[in-house]
Amino acid sequence: MTVPLVDIRNATFDRGRTRVFDGLSLRIDRGEHAAIIGPNGAGKSTLLKALNRELYPRTRDDTRFRLLGRDRWNVWELRGSIGFVSADLERRYGRNSGDASVLDVILSGFTASIGVHGLLAESIDEKRRARARALLAELKLEALESRPFRSLSSGQQRLSLLARALVHEPHTLVLDEPGAGLDLAAGFALIRRLRYLARHGVTLLVATHYLNEILPEIDRVILLGRGRVLADGRKDEVLKSRTLSDAYATDIRVVRDGSWYFAAQGDTVNKL
Ligand code: ADP
Ligand code: MG
């Protein structure tokens, strides 16, 4: 039997005084792309941050929280297997990266730090630079290499952070609202890149509010809400107008175009 990527049983998560999940159980296999949806506050980011080892469930005897079969990880090791990208990370970078260039930011992926502060110059060896530059070229960002990260557009910053997550060639990418705030061209550029990765051996776990970010390659959708998993299954089973209308407490009509899904509302104008 293969070791699951995520194996959570009976996990309780608190954030401040809020109990986000009570007895959450979830299993995601390695190589299984999945989307995580649900209203604001449903716990999507909490779950993804737990996968990134930024927060932990309460310890109880019957709780299990394993990644790739292990209870314990150090963050350096984890980065080699699971990369992480979020709009939240981008905001933190925007504020804290100072004059760090795009190349600096990508190189910082090797040390999992923000910026290059405290990074030993000798640890940025040529091999790492070459890898960072190759990623820049792949993402068509090479012209921006020396620009300060904070001067980039949001779309360029998001792609740079994707490059940063990819320095270790992780087999899994965890993405928290990857397309939030991007214009159509930047959003599509990101989607193209994610589809490419999904087809080349990278497992995607994507939390999103946009159904069109549930890429054709992703077949499993986990709907969170009211502190639990409301629905979990194949995309065509979970992305039903009724299921989503109930979860989001508003009238949602799921529209399908081939293997893409979109959300619309019925003709609600008369009800305003
Ligand atoms: P989502 O990503 O689905 O919008 P989150 O995981 O961010 O949801 O939040 C889940 C719940 O935890 C929400 O009720 C939110 O208000 C609460 N929460 C999130 N972050 C914090 C925090 N740093 N301190 C206190 N409560 C928090
Ligand atoms: Mg969130």
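Predicted model: local features only at pLDDT ≥ 70, side-chain atom pairs only at ≥ 80, totals over all residues.
Entry 1: Buried means under 20% relative accessible area, exposed over 50% and partly exposed in between, with a 1.4 Å probe and protein chains only. Phe13 also counts as buried, at 0% relative accessibility.

**Entry 2: aromatic pairs.** I searched the whole structure and found two aromatic pairs. Phe13 and Phe21 form an edge-to-face pair, 6.2 Å centre to centre with 80 degrees between the planes. Rings of Phe, Tyr and Trp (its six-membered ring) pair if their centres lie within 6.5 Å; planes under 30 degrees apart count as stacked, over 60 as edge-to-face and the rest as tilted. The ring centres of Phe13 and Phe65 are 6.0 Å apart and the planes stand at 80 degrees, so this pair is edge-to-face.

**Entry 3: what the pair joins.** Phe13 belongs to strand E1 (residues 6-15) and Phe65 to strand E4 (residues 64-67), so their pair ties together parts 52 residues apart in sequence. Strands (E, at least two residues) are DSSP runs, numbered from the N terminus. I noted that Phe65 is buried, as is Phe13. Ring pairs link Phe13, Phe21 and Phe65 into a cluster.

**Entry 4: charges over rings.** I found Arg70 over the face of Trp73, at 4.1 Å from the ring centre. A charge sits over a ring if NZ of Lys or CZ of Arg is within 6 Å of the ring centre and within 35 degrees of the ring normal. The charged end of Arg193 sits over the ring of Tyr196, 4.9 Å from its centre.

**Entry 5: conventions.** Residues are numbered from 1 along each chain as its sequence is written, while chains are lettered from A and ligands numbered from 1 in the order in which they are written. Local features need pLDDT of at least 70, side-chain atom pairs count only at pLDDT 80 or more, totals for chains, interfaces and linings use all residues, and side-chain values use heavy atoms, with hydrogens and water left out.

Note on methods
Helix = DSSP H or I, 4+ residues; strand = E, 2+ residues; numbered from the N terminus.
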